Amino acid sequence: MHSYNTSICSTQMSHFSCEDEALLQSMLRQLLQSVKEKITGAPSVECAEEILLHLEETDENFHNYEFVKYLRQYLCSTLGTVIEEETEKCISAQNQGEGSGYDTLVQHVTKKTRESKEYREMMYSLKNVMMVVVESLINKFEEDQMRNKEMHRKTKKEHNAYNTDNCSDSDSSFNQSYTFMTQEQLQLLVERLDPAQPKEVRQEAVQTLCSAPPSDVLNCESWPNLRKHLTVCLSDPDSMLSDKILRFYAKTFSSSPLNMTREVYTSLVKHLELYFLCGENFVPTISDGVDITNPEIIRLLKKVRLLNEYQREVPSFWIRHPEKYMEEIVETTLMLLSVNCEQRYRVSPKLLDPVYFFALLDIKAVWFQKWMHANYSRTVVLRLLENKYKSLASLLSERIPTPVPGGDAISSGNQESQNIMIWEETLLDDLLHFAATPKGLLLLQNTGALNECVNFMFSRFSKKIQVSGCERFDYGVMITQMAATSPGAVALQHSGFIKAIITELWAVLECGRDDLRVNHPSSTPVDPIDRSCQKSFLVLVNLLSYPAIYELIGNQELPNKPEYSLREVPTNVIDVIDRLIILNSEAKIHSLFSYEQSHIFGLRLLSVLCCDLGTLILLESQYKVSQVLLNAQKGNVIETSEGPGNFIIDGLSIERNHVLVRINLMGGPTERILPQRVLNQGTDPYPWPMFSSYPLPQCYLSDAPRKADVRQDNDLSKLLASLKNPDKQLAWIENCRRQFCKIMKTKPDVINGTILAEIIEKFVLHLSENPSECYFSIGEYEAADVSVKKESLSSVQQLGIEMTVRYGKYLNLLKDGAENDLCLVLMHCDKFLKQQQTSVKSSLRCLQEGYIGYDWFASSVFLIMSGDRERTLTFLQQFSNLLISAFLWLPRLHVSLHLPIETVESGIHPVYFCSAHYIEMLLKAELPLVFSAFHMSGFTPSQICQQWLSQCFWNYLDWSEICHYIVTCIFLGPDYQIYMCISVFKHLQQNILQHTQTEDLQVFLKEEALHRFRVSDYLEYMESLESTYRPVLLREMRNIRMQST
């Protein structure tokens, strides 16, 4: 058959002969016949397709099918030259320092090959040929199927005869080495290994067993009996006999596939389980310890070590086999580890459990880390721990609490409790792997183990011990991931972590060591934030995302005490704001040793925090931040006999001026001008005007953008014509998308203003009327303005409306009276979305009321519709049917009925656990240097992306680019939200690498607008990402309604 495959591959498809067609039919029939049971058992055509798509993972014979071999050879013969050329080019580039490793090489060559002319021609030819083959196969399928069965029976009989003939010359003596063994020989081997046989006979049989191919042994009909005999031999007092059995097991592990090795593994596990449960076997006690010179202990450790070595290796290949194999290995392992004192108290209450021996040989439980690394196995492990083996699972009612500093120490005499705690801490350390990714953090929260894991992390942090084998840069990544979510922030607070960070900050910023402060006064810092405080500053920036800060300070007043002791140290975020930012009393100012340095620290922190518009509105609504700063600026004016004079220019007034402009003025990189924070050389060191009341000086506002030229364009006319005449077919949707992409690439500026509003209105209207495009099912909503007006808006919403209207008027999109219309839009939205919400009982602040932030997406649509209330509401109701609404319109899924209840109760939004998660996954694959830079900085792409996306890039992009981001995601799909963020990181790559070196990456990303970034410039790049990642991303985005596992 191989020679025929080669001849077909070398044949040009244009000369495809009848013989070739017949041979391909034969190959395809073989494949279909082999998977017939799987396919016929599928409940639908879609399920059958899924089975075929994942056949390589589930069918151990996949690579032996002739059709698969043919395809592999065909690919090699057609694309081999292209692959070699691209590989040489890439290696040459790497040698010149332009590349970045094997993964990048593979990705580059794959991408270039798929873009090649040869690949397109190959796919076209292959598709045509297979259509002919399949059509012919269908026409005569029943007849060929019966004939194939008959031929298969004949072939099998001939094959067996061939094997018998070839085995007839084999020596029957068991003293020889064999290349293969007959069933008769294997049966004789089983008989000679029977425990009733003399010792010499069994030893000779074991010697023969060690020289036999493991595949022959495990495939023989007598394997069940042989397995029992081998288990008995492992317990034989003759160490030579048991050692030879272990050598056979080791040989099997190293040279056999998983479906065979699992049999040997479970056999060895069962032997050890019986060993520990049998009261006659020697098992040391805790008080005696483990004597590694004892022959019995040596034999026991050898068996455990062999198991452990297999445990470490098996995760690398079990994904290619049916899940039941992996589940059998996992369950037998957990069964062995669950053998505990309770089962043996009748023998001795102080014997060592199996878990101690595993811990002795694998102190860091590397095997468990590997099993928990991939979702494929982790899901099974967690399910079994929860359902069957709770004694091993990090639940509070059944485990010793993780110790925290200052807690009671375990008695030194209670050795057993200490050993159990060591094992449990190892499990917690492994569970912390989850916290490194957004989706992992959601899973960790759903297990109920998040608080325990954070307590464990803090206990190690306090002892300066590294957490998790993958965490090389302190605790930055894990803390930043946790702090991006409400439950993570609460866990950090309860563990004492936030208190410890703030106490350490205060010690560096204000206190210092008593002896050093008295004898060696600190020098005046050169930088606004002294280098000694930089680390604490960055930790607070990482920590105080909007979800975190809302949980930590939401609806809480400042202390505003009449007097503060010099020894009074802040312990929480409210205290930091009260003592370092809102310095609105003499008592606060006099309580600081280093007033200017400490207040500048607070103002710098405020500047970064307020870049998140949710945090800005929260601080402004609760603490009137801008008024406090204006009052401080007013106090910095020189009083003269003629009245107020000039402002005193110092570090504090410059910092306050910058913050006041930043928090009052909305706009992208070309729409607003922020004053610098440094003094210039010359006669006018600070040319930026200061102020102590609003409105802002005009110099901080860029010229208002001109209204776009709305002259008709041919391509735009075609798109509008298509949108006005939908035919409700998939082809129509794809045609509109193609036309949209063409315009975006060639003349993006025409997509704005009234044109933009019209095209998204009509496109969304059509999609919402197409059942196949509607992801959410929603009821009718009708509410009169009169009933809505009775509702009241929160102070957060009122501030958001003021900011939106001010920005809209600057853009010449809104007129007087727009505030009332936007109020009604938001109140209607709130009422409309409440119809699709569920009630949740939770201690999280974010779940106790409505959506905790301001609705920036609804406000963006309001501006796109030029303040037209009815058009805005109609659009949003239609838009809410679509999957894209889950990711662009964040309030859409707040405590939503459309999400699983455990996802709702987690308080974690799909934009974080889905969009931000896959942004990190794609970033690691596409821009590995950028991903590494984030990791080294202790910051996460997911946190900054969550900030960008939650406020629709307001203040980061100009209005025209915000519109292009929204319309691109609506037209091209929700996965373009992910591609958009990857494109931004690609645009910022050099800046990111530079600011990683200067150790201020998170400050740069939060404070700086995205200069010179245009969506249209990166549309082709986004399309290339779509071609690679869309199937996975759209599947995951559609799965947000499903229960997470």
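His271 counts as buried, at 3% relative accessibility (buried means under 20% relative accessible area, exposed over 50% and partly exposed in between, with a 1.4 Å probe and protein chains only). The model is predicted: local features need pLDDT of at least 70, side-chain atom pairs count only at pLDDT 80 or more, and totals for chains, interfaces and linings use all residues. Residues are numbered from 1 along each chain as its sequence is written, and side-chain values use heavy atoms, with hydrogens and water left out.

**His271 and its surroundings**

- His271 belongs to helix α15, residues 258–277 (helices are DSSP runs of H or I with at least four residues, numbered from the N terminus).
- With residues up to four places away in sequence left out, His271 touches Thr231, Leu234, Ser235 and Lys303 (contact means heavy atoms within 4.5 Å).
- Leu234 lies 37 residues from His271 along the chain, and the C-alpha atoms of the two are separated by 7.5 Å.
- A polar contact of 3.0 Å joins the side chains of His271 and Lys303 (a pair of N or O atoms within 3.5 Å, one able to donate a hydrogen and the other to accept it; residues adjacent in sequence count only if both atoms are side-chain atoms).

**Thr804 in helix α41**

- Helix α41, residues 795–810, holds Thr804, which is buried with a relative accessible area of 0%.
- The side chain of Thr804 reaches back to the backbone oxygen of Gly800, at 2.8 Å.
- Beyond residues up to four places away in sequence, Thr804 touches Leu814, Leu822, Tyr854, Trp856, Ser859, Leu863 and Trp954.

- The side chain of His898 makes a polar contact with the side chain of Gln836, at 3.0 Å.
- Apart from neighbours within four places in sequence, the contacts of His898 include Phe776, Arg892 and Arg1041.
- Arg892 places its charged end over the ring of Phe776, 4.4 Å from the ring centre (a charge sits over a ring if NZ of Lys or CZ of Arg is within 6 Å of the ring centre and within 35 degrees of the ring normal).
- Arg1041 lies over the face of Tyr775, at 3.8 Å from the ring centre.

**Aromatic pairs**

- The whole structure contains 38 aromatic pairs (rings of Phe, Tyr and Trp, the last by its six-membered ring, pair if their centres lie within 6.5 Å; planes under 30 degrees apart count as stacked, over 60 as edge-to-face and the rest as tilted).
- The rings of Phe740 and Phe971 have centres 4.7 Å apart and planes at 15 degrees, so this pair is stacked.
- Distant parts of the chain are linked by this pair: Phe740 is in helix α38 (residues 730–746) and Phe971 is in helix α50 (residues 959–972), 231 residues apart.
- Phe740 counts as buried at 0% relative accessibility, and Phe971 is buried with a relative accessible area of 0%.
- Phe875 and Phe879 form a stacked pair, 5.5 Å centre to centre with 15 degrees between the planes.
- Both Phe875 and Phe879 lie in helix α44 (residues 869–879), four residues apart, or about one turn of the helix.
- Phe875 counts as buried at 1% relative accessibility, while Phe879 is buried with a relative accessible area of 0%.
- One aromatic cluster is formed by Phe934, Phe939, Trp948, Phe953, Tyr956, Tyr965 and Phe985.

- The largest cavity has a volume of about 520 Å³ (a cavity is a set of points on a 1 Å grid over the protein atoms alone where a 1.4 Å probe fits but cannot get out, and lining residues have an atom within 4 Å of a point; the volume is the space filled by probe spheres set on the points, which are joined across faces, edges and corners).
- Its lining comprises 33 residues, of which Pro547, Tyr851, Ile852, Leu890 and His909 are the closest to the centre.
- Two or more lining residues come from each of the elements α30 (546–553), α46, α47 (910–926) and α49.
- Helix α49 gives the most to this lining, with four residues.
- Helix α49 spans residues 941–950 and is mostly covered, with ten of its ten residues buried.
- Among the buried residues of α49 are Pro941, Cys945 and Trp948, and Trp948 also belongs to the aromatic cluster.
- After α49 comes Cys952, which has a positive phi, near 50 degrees.

How values were computed:
On a 1 Å grid over the protein atoms alone, a cavity is a set of points where a 1.4 Å probe fits but cannot get out, and a pocket is an open set with protein on both sides within 12 Å along at least five of seven lines; lining residues have an atom within 4 Å of a point.
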